[in-house]
Amino acid sequence: MRKPLIAGNWKMNKTIAQTRALIAEMLPGLTAVEGVEKVICPPYLALASAREMLEGTDIGLGAQNLHWEASGAFTGEVAPQMVAELCAYVIIGHSERRTYFGETDASVNKKVKAALAAGLTPIVCVGETLAENEAGRTAEVVGGQTREGLKDLTVDQMSKVVIAYEPVWAIGTGRAATSEGANAVLADIIRPALKDMFGAELSQAVRILYGGSVTAANAAELFAQPDIDGALVGGASLKPADFVKIVEAAK
Ligand code: PEP
């Protein structure tokens with residue numbers, strides 16, 4: 001029932017020229033896979049060029065962040081409508097933004113609402129740090145980020161949101177969560193929080209991705225889990241053959 005989604009988070013990698021080259025390399029492999037929603041999220045400055053290259057394909061485009069205000073004196077920021085001119089998706093609340101740029105559950109909540117108002121599909125990231133995990137605080141942290149980040153959305157709005165569970169200790173470390181461990185967080189923490197907030201039906205309809213050192217080698221095992229609906233992929237999304245294999249594994 002839930003269509004698998006694989007999104008590539010390119011982070012602060014690739015110039016416009018490099019973006020064009022990377023898309024050209026992965027496009028044939030990606031377009032060949034049906035039944036999976038495929039999204040790439042290059043840096044802002046490469047989005048217009050990427051848009052041109054993806055025109056007429058079934059590959060979606062996403063930004064990695066946005067501001068919640070529509071316009072104004074926010075030097076260096078990008079407004080939701082500006083993103084929506086080029087993209088259908090936007091990553092919100094990635095742990096790197098929480099850690100290095102002071103994002104909070106409150107700012108995530110404002111961004112999710114602004115993204116939805118602009119017609120974008122938000123991919124909202126939640127996840128505990130290693131210290132929180134080791135202190136047995138995963139349920140408190142991930143449940144809290146889910147509740148606060150998605151606070152006051154209507155059921156209709158929530159039906160358009162995608163969640164990505166990304167344990168911070170697994171991002172870029174080569175140490176992915178076990179497939180059972182990741183699934184347990186989705187099934188026992190995130191979906192129950194969604195059930196409390198939005199009802200049983202919606203809690204089962206929302207797509208939840210796993211992110212954190214997903215590779216061509218571990219993707220199939222992760223996707224075999226009942227609650228994992230795809231992946232937010234960092235490092236491996238910059239390797240065309242690997243990213244295509246991950247998309248194929250989600251089929
Ligand atoms: C990410 O940054 O969202 C991510 C999951 O990175 P990686 O796949 O490199 O761990």
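The model is a predicted one, in which local features need pLDDT of at least 70, side-chain atom pairs count only at pLDDT 80 or more, and totals for chains, interfaces and linings use all residues. Residues are numbered from 1 along each chain as its sequence is written, and side-chain values use heavy atoms, with hydrogens and water left out.

I looked up pairs of N or O atoms within 3.5 Å. In the side chain of K11, an N or O atom is 2.6 Å from an oxygen atom of the ligand. For the side chain of E166, the distance from an N or O atom to a ligand oxygen is 2.7 Å. S213 takes part through its backbone, with an N or O atom 2.7 Å from an oxygen atom of the ligand. On its own the ligand has 290 Å² of accessible area, and the protein covers 95% of this; the areas come from the Shrake-Rupley method with a 1.4 Å probe.

Which pocket does the ligand take up? I find that its space is the second largest pocket. A pocket here is an open set of points on a 1 Å grid over the protein atoms alone, with protein on both sides within 12 Å along at least five of seven lines. A molecule sits in one if more than half of its atoms lie within 2 Å of its grid points.

**Positive phi.** I returned to S213 for its backbone: phi is near 55°, a positive value in a residue other than glycine. S213 sits in the loop between β7 (207-211) and α11 (219-223); helices (H or I, at least four residues) and strands (E, at least two) are DSSP runs, numbered from the N terminus. S213 counts as buried because its relative accessible area is 16%, the class limits being under 20% for buried, over 50% for exposed and partly exposed in between (1.4 Å probe, protein chains only).

I also noted K14, which is not a glycine but has a positive phi of about 90°. K14 lies in the loop between β1 (5-9) and α1 (16-31). Is K14 buried or partly exposed? It counts as partly exposed, because its relative accessibility is 33%.

**Helix α7.** V142 is in helix α7 (residues 138-149), and it is buried at a relative accessible area of 0%. Its C-alpha atom is 9.5 Å from that of A193, 51 residues apart along the chain. G143 is also found in helix α7 and is buried at 8% relative accessibility. From G143 to I190 the C-alpha distance is 6.1 Å, at 47 residues apart in sequence.

**Other positions.** I placed G127 in the loop between β5 (121-126) and α6 (130-134), buried at 8% relative accessibility. G127 and W169 are 42 residues apart in sequence, with their C-alpha atoms 8.9 Å apart. Y89 is in strand β4 (residues 89-92) and is buried at 9%. Between the C-alpha atoms of Y89 and A176, 87 residues apart along the chain, I read 25 Å.

Methods
Polar contact = N/O pair within 3.5 Å; in protein donor to acceptor, adjacent residues only side chain to side chain. 1 Å grid on protein atoms, 1.4 Å probe; cavity = no way out; pocket = protein on both sides within 12 Å on 5 of 7 lines; lining within 4 Å.
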